[in-house]
Amino acid sequence: MHMAKNNQMEQIDIHSDNSVVSRIMISESVDALKECIDSYAHVFAIMDAELARRCPAAAEVGHVLNERKIPGMLLEASEKNKVMDTVVQVCTWLMEQGADRDAFILAVGGGVTTDIVGFAASIYKRGVRYASVPTTLLAQVDACVGGKNGVNFMGYKNMLGTITQPEFTFVCPEFLASLPKRDFLSGAAEMVKAFIIEDKGHYERAVMFLKGYSASEDTGSYLKDKRVELQYLVSAAVKVKAGIVSRDCYERCERRLLNLGHTFAHAVETLAFQQGYDISHGEAVSIGMIMAAELAEQRSITDPLVGEAFGKCLSRKLEDDFFECGFRICSPFGIKSMAEVMTRDKKAYDGKICFILPCDIGNVMMLYLSVDEVVELLS
Ligand SMILES: NC(=O)c1ccc[n+]([C@@H]2O[C@H](COP(=O)([O-])OP(=O)(O)OC[C@H]3O[C@@H](n4cnc5c(N)ncnc54)[C@H](O)[C@@H]3O)[C@@H](O)[C@H]2O)c1
């Protein structure tokens, strides 16, 4: 992974076979987007409609696009709309706009928007170039790094999709000031996940930041004097993911570590979707990470020194930290109903699922377990 700094932007590269396949540009100000799209001729922008209504920094993106007379489409981005029909709507609009194989698609919004648009770009005329401008914390630290995209199918999350790297991802903390607390915390769970996988002192630093955040009134006022710290933490989390993706783009091995908490999280999200509960992706991930820690303890793979050092087990430490950060920590569904969904997990191989289990902060391992074993251990 290569890192370079110019006046305004930090650049983190994603490599594959010794060449750069995608760049993450981190900028203090939205203005720098102009520079990033300068060299592209036929740009088509697709933006989350709710973002356009709520976020002042999105209006600045609007000015940048208007200056260049870039055609734009607004998308009602919701988990319910994250389906093939919406991908078809995006492709239809591109056809109507006369977008050819030279088109460059810009996706502006949270993970729902960038997943839908990234997928559309990867199949439109057998694939055109695209870039993401993630406007939620979750999309900045996770969804827009690594090239995965997709939509929900037959009631299951992200069942159709591709791995196609964006040309670049433009990350700017200015967007996050207008994020509702619940959405901010949802992204924070993925940020903390990155530091449980690879620590370098960032886990405790993120927890400190988030404890302050959870006691604050709203995101905008907290970020007034904490934007630099947030940008530092976002950049650190992006580096964890970019490093892993660079070593294993197609999830043959190491990239699976990023699924910490996700097998449980996908079961929680699927049941929530089917039964009409309102649980966000990050909320499900925070629940999933605690369940993964409980599973690690049941299999006696957490570092015994952790228990000694903290005077309690890892799952209790995570529960306490997560509670103080304001994360959701308990699943509303029992392990048996979650098990039925996990059996159909797209990451199941030969009846076993690769669970990522935390041994300690900054140290995780893979363990293949059958769903029956997991039910027995967690019942
Ligand atoms: N591709 C991947 O690797 C990957 C990884 C993790 C998650 N995901 C996907 O990401 C999705 C979740 O992403 P998300 O949490 O960003 O959801 P989202 O896109 O639905 O955004 C959450 C809410 O915030 C609003 N919003 C967006 N930016 C805003 C801003 N700056 N100010 C105010 N409001 C704003 C949106 O309109 C929406 O209501 C899920 O569908 C999940 O499956 C994908």
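Start by selecting residues 335-343, which are helix α15, and residues 371-378, which are helix α16. Bear in mind that this is a predicted model. The two helices pack at an angle of about 165 degrees, and their axes are 10 Å apart. Angles over 145 degrees count as roughly antiparallel, so that is the label for α15 and α16. Their crossing is right-handed.

Now show the side chains where they meet. On α15, pick I335, K336, A339, M342 and T343; on α16, pick V371, V374, V375 and L378. What kinds of residues make up this contact of α15 with α16? Seven are nonpolar, one is polar and one is charged.

Next stop: select residues 104-109, which form strand β6. Is this strand enclosed or open? Six of its six residues are buried, so β6 is largely enclosed by the rest of the structure. Turn the view and look at which way the residues point: F104, L106 and V108 go one way from β6, while I105, A107 and G109 go the other way, and all are buried.

Select residues 43-48 for strand β4, which runs parallel to β6 and is joined to it by five bridges. To find one of these pairings, click A45: its bridge partner in β6 is L106.

Key:
Residues are numbered from 1 along each chain as its sequence is written. This is a predicted model: local features need pLDDT of at least 70, side-chain atom pairs count only at pLDDT 80 or more; totals for chains, interfaces and linings use all residues. Axes are lines fitted to C-alpha atoms, for helices over the stretch in contact, and angles run from 0 to 180 degrees between N-to-C directions. Helices (H or I, at least four residues) and strands (E, at least two) are DSSP runs, numbered from the N terminus. Angles under 35 degrees count as roughly parallel, over 145 as roughly antiparallel, 65 to 115 as roughly perpendicular and the rest as oblique. A crossing is left-handed if the near helix is turned anticlockwise from the far one by less than a right angle, and right-handed if clockwise. Two residues are in contact if their C-beta atoms, placed from the backbone, lie within 7 Å. Ala, Val, Leu, Ile, Met, Phe, Trp, Tyr, Cys and Pro count as nonpolar, Asp, Glu, Lys and Arg as charged, and the others, Gly among them, as polar. A residue is buried if 20 or more other C-beta atoms lie within 10 Å of its own, exposed if 12 or fewer, and partly exposed in between; C-beta atoms are placed from the backbone. Two strands pair if DSSP finds at least two bridges between them.
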